[in-house]
Amino acid sequence: MTYKMPLSGIRVADFAWVQAGPWIGRFFANYGAQVIRIESAKRLDWSRNVPGGPEVVDGKIQKGAYFVNFNCDKLGITLNLSNPQGVDIAKKLIAISDVVTNNFSAGYMDRIGLGYKDLVKVKPDIIMLEMPVFGNSGPRRTFAGYGTGIQSAIGLNSISGMPDRRPGLNIALPDMGPNPTHATIAVLAALHYRNKTGKGQYIELAQLESSLGWMETTILDYTVNGRVRKPQGNRLPYAAPHGVYRCAGKDGWCAICVFTDTEWKVFCHVIGDPALIANERFATLRKRKEYEDELDELVTGWTRGRSAWEVMVLLQYAGIAAGVVETGEDLVLKDEQYKTHQYYVELPYGGGKAYCENTMLRFSETPCKVRNAAPEMGQHNDYVYRELLGMSEEEIVQCYVDEVFA
Amino acid sequence: MNMETESNKALSDIRVLDLTGPSGVYCTKLLADLGADVIKIEPPGGDPMRQIGPFYHDEIHREKSLYFWHFNTSKKSVTLNINMTGGRDLLNKLIKTADIIVETFQPGYLDSLGLSYENLKIVNPGIILVSITGFGQTGPYRDFKSSDLIGLATSGILFTIGFPEDPPTSLGASQAYHMVSSNAAIGALMALYYRAVSGKGQWIDVPMQGTNIRMSEMVPFTYWVSGKSRYRSGLEYYRARRDIFDCKDGRVVCSALGGAGAEKMLEWMESEGMVADLRDEKYEPVIAIIMGSSPGGKGTQQKIRLEAAKGLRDYPEEADHIDEVWEAFLKTHTREELFVGAQTRGVRLMPVNDARSVVDDIGLRARNYFVDVEHPELNQVFKYPGAPYRLSETPWKISHRAPLVGEHNLEIYIKELGFSDKQLAGFMADNVI
């Protein structure tokens with residue numbers, strides 16, 4: 001370790017795959033833990049093959065772009081868990097680990113002999129995280145799901161989008177937002193508790209329940225008031241104007257949010273129409289909400305002839321919240337903050353380059369940047385099996401022959 | 001109110017001072033429900049968040065905001081005017097007792113009050129300061145104001161959401177605030193771990209823009225590899241075809257014919273006489289593509305989604321017809337029938353729920369997901385969203401409802417800090433608390 005990082009000294013055995021699971025290990029790896037990602041060609045990770053963007057040649061990654069991003073800073077080993085010997089070796093690794101993560105379907109780790117009750121025998125204070133979509137119990141425990149399904153099942157799809165339109169969320173928000181972050185929080189809290197008491201524990205994160213934690217007051221509004229919330233488009237009950245406004249250029253848009261009456265007065269000055277302050281139809285938030293369609297047209301009248309960047313800067317310099325609805329191009333080429341903070345970094349990978357999300361938390365004492373792209377299949381077999389687990393040359397060769405390391 | 005022992009709470013030894021607005025309030029809820037002693041510091045008269053609706057029975061009142069209730073469970077409240085010198089003296093006394101401070105002021109504001117991290121460190125060398133802002137503490141946009149909508153806009157998510165004929169469209173339930181708050185909680189707990197090892201506190205700068213870039217699902221990456229910005233296209237990016245269909249009592253989400261499990265679905269449809277002409281030879285290649293392109297389908301390991309998507313575009317009429325027959329079948333069943341029927345056949349169909357069907361869901365009920373929270377002043381108990389995670393040794397728990405304005409002034413100022421009744425009355429008279 002050349003410099004201190006907040007999680008230096010922690011070891012994570014990361015059995016998670018696809019998207020929501022590996023991101024937990026990534027949090028640990030980026031901030032200093034040694035994270036060993038366990039893979040097998042016998043059960044290849046979806047993200048190794050799906051590019052999530054067109055293939056790129058000439059020195060850049062050709063496939064597995066998702067994998068490369070989700071597994072930055074980890075070590076990678078191959079281990080075949082459908083082979084009993086592979087399970088034994090996994091236990092040896094777990095015996096020297098602090099945390100075990102996985103997002104297999106409910107009961108899988110138990111069936112192969114790597115359930116929590118098996119793990120505490122080799123490491124009594126182990127912290128084990130599992131993420132069965134519907135939980136380990138209840139009538140849905142055998143059911144399976146994925147991010148776009150979960151966001152519909154928690155009701156997010158029913159409160160997003162424009163009013164009176166079909167639901168159409170084309171992201172998998174639970175996989176990127178609530179589930180990896182909640183899981184990381186739970187494991188970190190368990191580590192804190194272990195530091196105090198010496199006790200490990202088992203963490204069950206049912207992805208449906210975890211995602212429901214991000215539904216704000218939609219549940220209480222129903223259980224208290226009996227109200228079933230509908231989509232509100234880009235509007236907010238306690239701000240106006242509050243929306244996404246058409247700007248000049250191809251598909252140019254700027255988000256503008258005016259919360260207080262004081263801000264409204266400033267807004268009127270910025271758009272060069274101070275006489276508007278005296279207009280009673282817009283003088284108070286309640287009034288602006290009442291005449292919101294008219295208000296939005298008025299705002300668009302000002303934004304339409306200006307670039308989204310100009311709108312943002314003019315308003316922000318006057319203290320009004322505004323933000324360009326940024327495209328990929330805007331972020332990479334035009335956004336000064338993105339550049340300054342290096343929100344993405346280019347890293348060497350497979351003889352070419354990879355483009356990976358950087359760390360976003362800035363620690364004053366223990367600053368961290370993403371250092372390495374993801375490991376290639378089995379890149380750290382030697383280090384882990386020989387140095388960490390002390391296996392002999394003969395054992396290692398035999399494991400390759402027997403497809404234990406496949 | 002709090003009957004269980006302190007020992008089964010993960011963070012029972014940690015005190016947090018909560019100086020957050022909407023962008024950070026979920027961070028401190030996460031810590032409070034894991035057992036931390038979170039003290040919310042409200043200006044005299046109450047936190048502005050208490051004015052955010054919806055309200056209990058729509059009665060606009062500072063003790064009846066469901067927004068405040070939801071986000072402030074398990075916390076304590078003291079009133080304190082940090083803009084006054086006397087208030088800052090009190091705050092410094094509290095800071096001496098705290099482990100973590102979470103705040104959402106504009107960059108530089110705490111500094112202007114003499115409360116910069118450097119100064120806080122003098123008061124309490126181990127203090128961890130978590131600062132949540134729109135764009136971070138440094139950089140050309142640091143003074144820009146933000147909001148949930150602007151967080152989504154400036155991180156590349158918003159542009160990709162919605163339909164091509166609509167403006168970019170926001171997600172519901174302040175997802176950008178949840179994302180930055182959850183990342184802030186991660187930062188706080190990491191710093192806590194490091195402090196246990198090193199004895200050192202630190203300052204963590206948590207920008208909403210940066211943390212939310214993850215939720216855009218690699219929008220900058222797509223531009224970097226292809227030189228193209230991802231566009232909003234309903235569900236097309238994910239499935240090439242729509243995957244939300246009408247059923248008898250609402251909607252379900254699933255690829256046409258269940259994707260990889262199409263054979264099982266066709267058998268089910270056949271048994272109910274709803275398969276129409278889909279067994280004709282001309283649908284065979286189309287169904288083969290559907291079976292290979294769905295997420296989680298065996299085919300995804302060999303085929304690349306985009307190739308499969310292209311494949312379906314070669315059969316527009318057949319694919320449309322399959323959608324029609326599929327939807328006609330779905331319309332003969334309820335969400336629950338389809339959910340159970342498909343899942344027991346190995347197909348990952350899920351219901352499109354709203355708040356009512358979420359609260360009524362038998363799966364969530366069987367697992368006692370929703371928790372009862374007592375509101376003694378109203379003499380009522382309400383169902384709240386429950387644990388996002390279940391820890392075997394240190395269960396997540398709402399220890400009590402959100403605090404009333406200044407509910408813990410006596411406990412903190414008199415019992416703990418040792419001020420007299422008279423001094424407290426003086427603070428009140430001076431509008432310090």
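Visitor: Among contacts in chain A between residues at least 6 apart in sequence, what percentage join residues at least 24 apart?
Guide: It comes to 67%. Two residues are in contact if their C-beta atoms, placed from the backbone, lie within 7 Å.

Visitor: What kind of model is this, and how is it numbered?
Guide: The model is predicted: local features need pLDDT of at least 70, side-chain atom pairs count only at pLDDT 80 or more, and totals for chains, interfaces and linings use all residues. Residues count from 1 along each chain as its sequence is written, while chains are lettered from A and ligands numbered from 1 in the order in which they are written.

Visitor: How many of chain A's residues are buried, as a percentage?
Guide: 56% of the 406 residues in chain A. Buried takes 20 or more other C-beta atoms within 10 Å of a residue's own, exposed takes 12 or fewer, and partly exposed lies in between; C-beta atoms are placed from the backbone.

Visitor: And the secondary structure of chain A?
Guide: 20 helices and 12 strands. These are DSSP runs, numbered from the N terminus: helices are H or I with at least four residues, strands E with at least two.

Visitor: Which strands join across the two chains?
Guide: Strand 12 (residues 362–363) of chain A and strand 6 (residues 203–207) of chain B, antiparallel, through two bridges. A:Arg362 stands opposite B:Asp205 there. Strands pair if DSSP finds at least two bridges between them.

Visitor: Now chain B. Which domains does it have?
Guide: Domain 1 is 6–217 + 370–429, and domain 2 is 243–359. The bounds come from an automatic or database domain assignment. Their C-alpha centres lie 44 Å apart.

Visitor: How do strands 7 and 8 of chain B pair?
Guide: Antiparallel, over four bridges. A two-residue hairpin joins strand 7 to strand 8. B:Asp246 has B:Arg251 as its bridge partner.

Visitor: Last one: why does B:Ile362 count as exposed?
Guide: Because B:Ile362 has 12 C-beta neighbours inside 10 Å. B:Ile362 sits in helix 17 (residues 362–366) of chain B.
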